[in-house]
Amino acid sequence: MAHSKLIPGVSGPEQAGLLYFCTTRAGGVSQDERDSLNLGLNTGDDPERVQVNRQRLADFLGSEPVWLAQVHGTDVLDADQDVLPAVPREFDAAITTRRDRTLAILTADCLPVVIWDEQSQVLGVAHAGWRGLQAGVLERTWQAMAARCPQAQSWQAWIGPAISQEHFEVGQEVFDAYVQDEPELAAFFIQGKRPGKWQADLPGIARHRLEKLSPGKMTVHLSGLCTFQENGLFYSYRRSPLTGRQATIARLNLL
């Protein structure tokens, strides 16, 4: 779904009262390997170009997103505060019930996850690499949302562009970290091409984890887009460490 001629993006099913999408590589001023809408400041890119890119996004949105300093953890920012913590905000997720807060997650293979209730009363975003996903970042995000909006009856989530199982090789330690406590997660790993390696289905694990949070009341949508494979659309750190970051943006809009 293209939200603007300037800032193309991809999204999931439409939801009244909610704007959410993941940017692509198009629409910015970064050059070479990080061409062109690199939104990550810690990528080796010219910081001035990244700031131009971020300003373009903010102009399109009509507000500055709440940027996080992501550390592959599980801490969740309460973005409802009138005064947000000073930068850097070391969080890997954020929630809000305010319609003047635009949330943002940066990725280049990790899972960007947007969660909302079907009445568009509360919104959450999470950055979930294999470490954060295993440690419970999605569970902590949803729990904070459910506590903030206990009247919510049903939920939806969108797992945006991320690395696919075919291209995500991990070692035995990653397999063990997931499967030792949840043996059913072995179904999301297949033997790798090299001895002692596995191919991990992170989007599948995330969907399984989300559906367990609210059985029968959580609908999960997968983008089906692979950051590694779609070189023309997305940045991928596994494909090349000299890369940028796309942003997944989410905001509650007026109904």
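Mentor: Helices here are DSSP runs of H or I with at least four residues, and strands are DSSP runs of E with at least two; both are numbered from the N terminus. The model is predicted.

Trainee: Where is Thr-24 found?

Mentor: The loop between β2 and α1 holds Thr-24.

Trainee: Why is Thr-24 called buried?

Mentor: Thr-24 has a relative accessible area of 5%. The limit for buried is under 20%, so Thr-24 qualifies.

Trainee: What does Thr-24 touch, not counting residues up to four places away in sequence?

Mentor: Pro-8, Gly-9, Leu-37, Leu-233 and Phe-234.

Trainee: What does the side chain of Thr-24 reach?

Mentor: The backbone nitrogen of Ala-26, at 3.2 Å. The cut-off for a polar contact is within 3.5 Å, so this pair counts.

Trainee: On to α1. What makes α1 a helix, judged by how many residues it has?

Mentor: α1 covers residues 47–61 and has 15 residues. A helix needs at least four, so α1 passes.

Trainee: How do you know what span is expected of α1?

Mentor: The expected span is 1.5 Å times one less than the number of residues. For α1 that gives 21 Å, and the helix reaches 21 Å from its first C-alpha to its last.

Trainee: Which residues of α1 are buried?

Mentor: Val-50, Asn-53, Arg-54, Leu-57, Ala-58 and Leu-61. They fall within an arc of 140° seen down the axis of α1, so they line one face of the helix. These buried residues pack against β2 (18–23), β5 (102–107) and β13 (246–252).

Trainee: Which exposed residues does the face of α1 turned away from its buried side carry?

Mentor: Glu-48 and Asp-59.

Trainee: What caps the N-terminal end of α1?

Mentor: Asp-46 does. One of its side-chain oxygens lies 2.9 Å from the backbone nitrogen of Glu-48. After α1 comes Gly-62, with a positive phi near 80°.

Trainee: What is the order of the open sheet of four strands?

Mentor: β1-β2-β13-β5, with antiparallel pairing. β1 (9–10) and β5 stand at the edges with a single partner strand each, so one side of each has no neighbour in the sheet.

Trainee: How do you know that β1 and β2 pair?

Mentor: Two bridges join them, and the strands run antiparallel. Pairing takes at least two bridges, so β1 and β2 meet the limit. Within this pair, Val-10 has Cys-22 of β2 as its bridge partner.

Trainee: Which way do the residues of β4 point?

Mentor: β4 spans residues 93–96. Ala-93 and Ile-95 point one way, Ala-94 and Thr-96 the other, and all are buried. In a regular strand, side chains alternate between the two faces of the sheet.

Trainee: In which sense do β3 and β4 pair?

Mentor: Parallel, over three bridges. Ala-94 has Val-125 of β7 as its bridge partner.

Trainee: How many residues has the largest nonpolar core?

Mentor: It has 41 residues. Those with the most contacts inside it are Leu-111, Ile-115, Leu-133, Leu-138, Tyr-178, Phe-189 and Leu-210. A second, separate core of 21 residues includes Leu-77, Ala-79, Leu-84 and Leu-123.

Trainee: Last one. Why is Ser-214 called buried?

Mentor: Its relative accessible area is 10%. That is under 20%, so Ser-214 is buried. Ser-214 lies in the loop between α5 (202–213) and β12 (218–222). Leaving aside neighbours within four places in sequence, Ser-214 contacts Trp-142 and Trp-155.

Methods
Residues numbered from 1 in each chain as written. Predicted model: local features only at pLDDT ≥ 70, side-chain atom pairs only at ≥ 80, totals over all residues. Heavy atoms only, no water. Core = buried A, V, L, I, M, F, W, Y, C linked by side-chain atoms within 4.5 Å. Buried < 20%, exposed > 50% of the residue type's maximum accessible area, 1.4 Å probe, protein only. Arc of directions from axis to C-beta. Contact = heavy atoms within 4.5 Å. Polar contact = N/O pair within 3.5 Å; in protein donor to acceptor, adjacent residues only side chain to side chain.
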